[in-house]
Amino acid sequence: MSCTKGSPGKKEITGNSCFPPVVMTASRSDSLVVLFGATAGAYGAKLGSDERELILLVWQVVDLPGKKVGTLHKSLVKADNLELSDQCREVSGLTPEGLGKAEPLDRVLQQFIQLVSSDLKVLGRSSYTLCSDGQLLIRQVLHPETSKKNFLLSDCFYSFYDLRKEFHACYPSSATVKDQTIKTMAEYLGLGTDETEEDFGVWQVKTMVAIIFSMLSESCNHIFTEPETVKYKYETGPCSKSETVDNETVIRARGLPWQSSDQDIARFFKGLNIAKGGVALCLNAQGRRNGEALVRFVNSEQRDLALERHKHHMGSRYIEVYKATGEEFLKIAGGTSNEVAQFLSKENQVIIRMRGLPFTATQEDVLGFLGPECPVTGGKEGLLFVKYPDGRPTGDAFVLFSCEEYAQNALKKHKEILGKRYIELFRSTAAEVQQVLNRYMSTPLIPTLPTPIIPVIPPPYTIATGSIRDCVRLRGLPYTAGIDDILEFMGDATADIKPHGVHMVLNQQGRPSGDAFIQMKSADKAFMVAQKCHKKMMKDRYVEVFQCSGEEMNFVLMGGTLNRSGLSPPPCKLPCLSPPAYAAFQTAAVIPAEAALYQPQALLPAARTPQASAAAPPTVTYYPAQAAQLYMNYTAYYPSPPVSPTTVGYIAAPPGAVAAAATATHTPILPQPGALVRMQGLPYNTGMKEILSFFQGYQDALHDASGHL
């Protein structure tokens with residue numbers, strides 16, 4: 001017995017399958033196997049959308065040339081979860097007790113292959129193709145369920161005829177394919193069958209066979225020639241920004257485990273045909289995966305089926321699936337580099353990303369690190385180092401391996417040492433290669449300085465110090481979270497925040513680090529917030545909230561670490577750079593120059609809550625996001641300008657102050673005495689001592705300007 005596919009050539013499936021390898025041929029089938037199935041959940045148009053398991057299969061062989069049929073078979077399937085939905089009980093009449101005596105799915109499918117083979121011999125036929133009522137049974141039920149249960153389907157399940165499409169092709173005046181059902185097709189042909197006279201599933205198969213015989217009649221003489229196909233595996237490949245991507249073929253998947261690969265995502269969408277190179281894992285601002293991916297399917301029909309898998313599970317996590325656009329896909333996966341295109345031109349390769357390489361590492365060093373047990377495809381040609389536009393290495397590289405075994409050997413070297421650094425290795429994708437290269441090649445080497453700023457109101461303030469634990473630390477914030485999100489997260493406790501007591505912690509690139517510090521009015525208030533908000537959800541992440549002191553807060557902001565093991569000092573904490581409070585914040589309040597051109601009424605929405613308004617001083621200062629990047633290069637982290645709960649998003653300043661600022665000249669006024677200089681082209685190993693030595697002879701001026709050197 002052979003199973004026919006609609007594509008030329010031969011292919012053999014191997015692996016942990018309950019079926020023997022089946023060789024596919026390209027000849028046309030002389031028989032159909034009419035197949036009907038049901039799950040323990042939804043029925044009809046929603047079949048498979050609720051992830052419920054298969055509980056029933058009914059089938060019958062149809063001899064096309066002889067117009068004869070084989071034996072009709074009905075087989076119950078024992079599901080892992082025998083609980084049935086109300087709709088399933090009502091429509092099928094099945095019970096958990098009856099299903100409990102059935103065979104599991106793998107054995108039922110083995111019996112299916114054996115019985116079909118036997119029926120074909122009786123009819124004198126040798127090949128067959130499945131024929132089902134629509135796409136759902138094959139694509140949305142059988143393939144996803146067997147994938148989750150870790151056994152392979154026989155080749156015959158990778159090719160099938162959609163009876164609805166074949167019927168519409170034979171009878172163009174009938175209802176659209178989307179609106180067809182077995183009953184409407186039978187009614188169109190005037191078939192007088194009564195579903196109440198037969199068991200559930202039996203009536204459906206008998207009616208489908210009658211419809212097929214009507215299509216084979218001399219008046220129609222329909223020929224089954226072009227079956228639907230299911231891709232065996234996801235094909236990787238590059239994507240060019242010049243490509244045109246249909247908006248109706250792309251989805252966004254959210255909530256993915258961070259270590260998910262493109263093959264894991266393809267497995268989640270098993271049964272649906274993803275376009276070549278159609279899985280693009282999204283990266284956050286730090287270049288790490290953010291749990292999202294854009295997936296491009298071969299057509300809109302496959303995309304619509306993918307949307308039905310919204311909140312299906314990958315392991316223990318449910319995945320959200322939404323519509324996306326072709327533009328979004330190209331932004332992530334599209335590339336223009338010939339070097340990348342050449343690197344990715346070797347198809348069917350496993351891509352591994354290496355991160356944390358020494359900047360002096362060469363191709364020979366990487367090949368030596370990987371060793372002979374995981375040979376790189378093409379030797380040096382299988383390595384791609386990621387560099388800045390000026391040619392400086394970033395510490396990232398991508399490696400190609402010809403098979404899964406070599407890639408697994410490479411992944412075992414995760415966090416092994418090369419030189420003096422440990423190297424991280426991850427599975428990667430063609431889209432991630434493009435995304436990382438695009439990011440480094442388009443990002444300036446040094447962040448742009450803030451917009452010129454002018455003073456508006458000059459109330460000085462400092463970040464508190466001391467051992468009183470009247471602060472809280474928020475850790476694990478979403479990188480997209482802003483001050484508004486934090487205040488909403490804290491709820492009523494915002495009334496107990498000190499003026500200028502909200503500090504977003506940014507990294508050296510000026511991006512959110514996922515941390516924030518809040519100064520509360522007392523240690524008791526800080527304790528209550530930590531108890532109430534610890535591990536509370538913000539967006540799709542839970543946030544850890546710890547009580548701490550002002551001293552601990554300052555240590556973290558200066559680059560130290562604070563965890564359950566205690567407090568570690570900052571790595572660059574020199575005596576001359578250890579002020580008790582941030583001198584950089586003892587400055588006049590500032591806003592961008594262009595902001596002063598607007599009238600205060602346009603910048604004054606209503607306060608957030610009455611309680612928060614009562615807690616705020618009469619006039620406080622807002623520090624806008626544009627002025628948030630203070631370039632304190634000697635620290636590992638730095639805070640955003642602190643704000644108060646009642647001043648987020650607006651300037652609470654007297655109209656006269658704003659008017660005076662608007663009439664002033666736009667010459668930038670530095671936030672503290674002296675002058676600010678920017679240094680470019682520093683050696684990578686430059687420290688603060690070297691910078692101070694460079695300015696030898698200007699120390700008095702520096703001391704006068706900063707007050708703490």
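The structure is a predicted model, in which local features need pLDDT of at least 70 and side-chain atom pairs count only at pLDDT 80 or more, while totals for chains, interfaces and linings use all residues. Residues are numbered from 1 along each chain as its sequence is written, and side-chain values use heavy atoms, with hydrogens and water left out.

The chain contains 21 helices and 31 strands. Helices (H or I, at least four residues) and strands (E, at least two) are DSSP runs, numbered from the N terminus. Of the 709 residues of the chain, 49% are buried. Here buried means under 20% relative accessible area, exposed means over 50%, and partly exposed lies in between, with a 1.4 Å probe and protein chains only. A contact is defined as heavy atoms within 4.5 Å. Among contacts in the chain with a separation of 6 or more, 74% are between residues 24 or more positions apart.

Two helix pairs were examined. Two packed helices are described by the angle between their axes and the distance between the axes. Axes are lines fitted to C-alpha atoms, for helices over the stretch in contact, and angles run from 0 to 180 degrees between N-to-C directions. The axes of helix α5 (residues 163-170) and helix α6 (residues 182-189) come within 11 Å, with a crossing angle of roughly 25 degrees. Helix α5 is therefore roughly parallel to α6. Angles under 35 degrees count as roughly parallel, those over 145 as roughly antiparallel, those from 65 to 115 as roughly perpendicular, and the rest as oblique. The crossing of α5 and α6 is left-handed. A crossing has this hand if the near helix is turned anticlockwise from the far one by less than a right angle, and is right-handed if clockwise. Residues L163, R164 and F167 of α5 make the contact with M185, Y188 and L189 of α6. By class, the residues of this contact are 5 nonpolar, no polar and 1 charged. In this division Ala, Val, Leu, Ile, Met, Phe, Trp, Tyr, Cys and Pro count as nonpolar, Asp, Glu, Lys and Arg as charged, and the others, Gly among them, as polar.

Helix α6 also packs against helix α7 (residues 202-216), the axes coming within 10 Å and crossing at roughly 45 degrees. This angle makes α6 oblique to α7. The crossing of α6 and α7 is left-handed. On the α6 side the contact involves I182, K183, M185, A186 and L189, which meet W203, Q204, T207, M208, I211 and S214 in α7. The residues of the contact of α6 with α7 comprise 7 nonpolar, 3 polar and 1 charged.

A salt bridge is taken as a side-chain nitrogen of Lys or Arg within 4 Å of a carboxyl oxygen of Asp or Glu. The count by this rule is 33 salt bridges. One of them joins D80 to K149, with the closest N and O atoms 4.0 Å apart. D80 lies in the loop between β5 (73-76) and α1 (86-92), and K149 in the loop between α4 (136-148) and β7 (159-162), so the pair links distant parts of the chain, 69 residues apart. D80 is exposed, at 67% relative accessibility, whereas K149 is partly exposed, at 27%. A salt bridge also forms between the side chains of K231 and E235, at 3.7 Å from N to O. K231 is partly exposed at 27% relative accessibility, and E235 is partly exposed at 33%.

The side chains of R353 and E432 form a salt bridge with an N to O distance of 3.1 Å. R353 belongs to strand β16 (residues 350-355) and E432 to helix α14 (residues 430-442), so this pair ties together parts that are 79 residues apart in sequence. Both R353 and E432 are buried. Salt bridges with shared partners also connect R252, R254, E292, E328 and D540 in one network.

Backbone angles were examined at two loop residues. Most residues other than glycine have a negative phi. E51 has a positive phi, near 65 degrees. This residue lies in the loop between β2 (31-39) and β3 (54-63) and is partly exposed, at 25% relative accessibility. K67 also has a positive phi, near 50 degrees. K67 is placed in the loop between β3 and β4 (68-69) and is partly exposed, at 41% relative accessibility.
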